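User: I am new to this structure and would like to learn how to read its features one by one. Could you take me through them?

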Amino acid sequence: MTENDEEGLTPTGWRVPVLLTVIGVLLGVLVTDLLSSPPQLPWSAIPTLLLLALAETFTAGRTRRRIRGEPGTEPMEPLSAARLLALAKASAIFGALGMGVFVGVALTLLELLALPGPRETFFITLGTAVSAGLLLFSGLYLEHACRVPGDEEDNGDEPPGVT
């Protein structure tokens, strides 16, 4: 066991989402450039991601109050908190990667905005990227809400023991 394994799960810092977003942009540009025509993307991803982000934001608020033991709330079971933390991490990773991919696709469509088909795809892609970005931030907020009071100073950017 390493020193990090004994401490448990570390909070998601800023580096992982930024790296995944950059990788996503590169993938989006690469895949779109390999296609002979712009991809036809469904608009339904926008409200789906927005609803997921909204649900996670709502859950984060309730979770934060329950973990802090505010009046009128029931204590949170540790297994429930662990499941919410796993959801938060997955949402942050998916949101960062998805935002990057859709920004990459939108970047390749910039030169085709004069045409009606690519223009529509551009706006759908941009809306999906924004929705994925909101999912990223709601996942990070839910992760933050799962922290036990007293763990607030650990931001996950430094190795253990470094101040």
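User: Leaving out residues up to four places away in sequence, which residues does Ala81 touch?

Analyst: Please keep in mind that this is a predicted model. Not counting residues up to four places away in sequence, Ala81 touches Met76 and Cys146.

User: Which residues make up the largest nonpolar core?

Analyst: In soluble globular proteins, nonpolar side chains tend to be buried together. Here the largest nonpolar core has nine residues, namely Ala60, Met76, Ala81, Leu84, Leu85, Ala88, Leu142, Ala145 and Cys146. Two or more of these residues come from each of α4 (78–109) and α5 (116–145), and α4 gives the most, with four residues.

User: At what angle do the axes of α3 and α4 cross?

Analyst: Two packed helices are described by the angle between their axes and the distance between the axes. In this model the axes of α3 (residues 45–67) and α4 cross at roughly 145° and come within 12 Å, and the crossing is left-handed. Where the helices meet, Leu49, Glu56, Thr59 and Thr63 of α3 face Leu84, Leu87, Ala88, Ser91 and Phe94 of α4 in contact, a set that divides into five nonpolar, three polar and one charged.

User: How many salt bridges does a search of the whole structure find?

Analyst: Side chains of opposite charge can pair when their charged atoms come close. The search finds one salt bridge, formed by Glu143 with Lys89, whose closest N and O atoms are 3.7 Å apart. Because Glu143 lies in α5 and Lys89 in α4, the pair ties together parts that are 54 residues apart in sequence.

User: Is Glu143 buried or exposed?

Analyst: Glu143 is buried, with a relative accessible area of 4%, and Lys89 is also buried, at 18%.

Terms used:
Residues numbered from 1 in each chain as written. Predicted model: local features only at pLDDT ≥ 70, side-chain atom pairs only at ≥ 80, totals over all residues. Heavy atoms only, no water. Core = buried A, V, L, I, M, F, W, Y, C linked by side-chain atoms within 4.5 Å. Buried < 20%, exposed > 50% of the residue type's maximum accessible area, 1.4 Å probe, protein only. Contact = heavy atoms within 4.5 Å. Axes fitted to C-alpha atoms, helices over the stretch in contact; angles between N-to-C directions. Left-handed = near helix turned anticlockwise from the far one by under 90°. Nonpolar A, V, L, I, M, F, W, Y, C, P; charged D, E, K, R; others polar. Salt bridge = Lys/Arg side-chain N within 4 Å of Asp/Glu carboxyl O.
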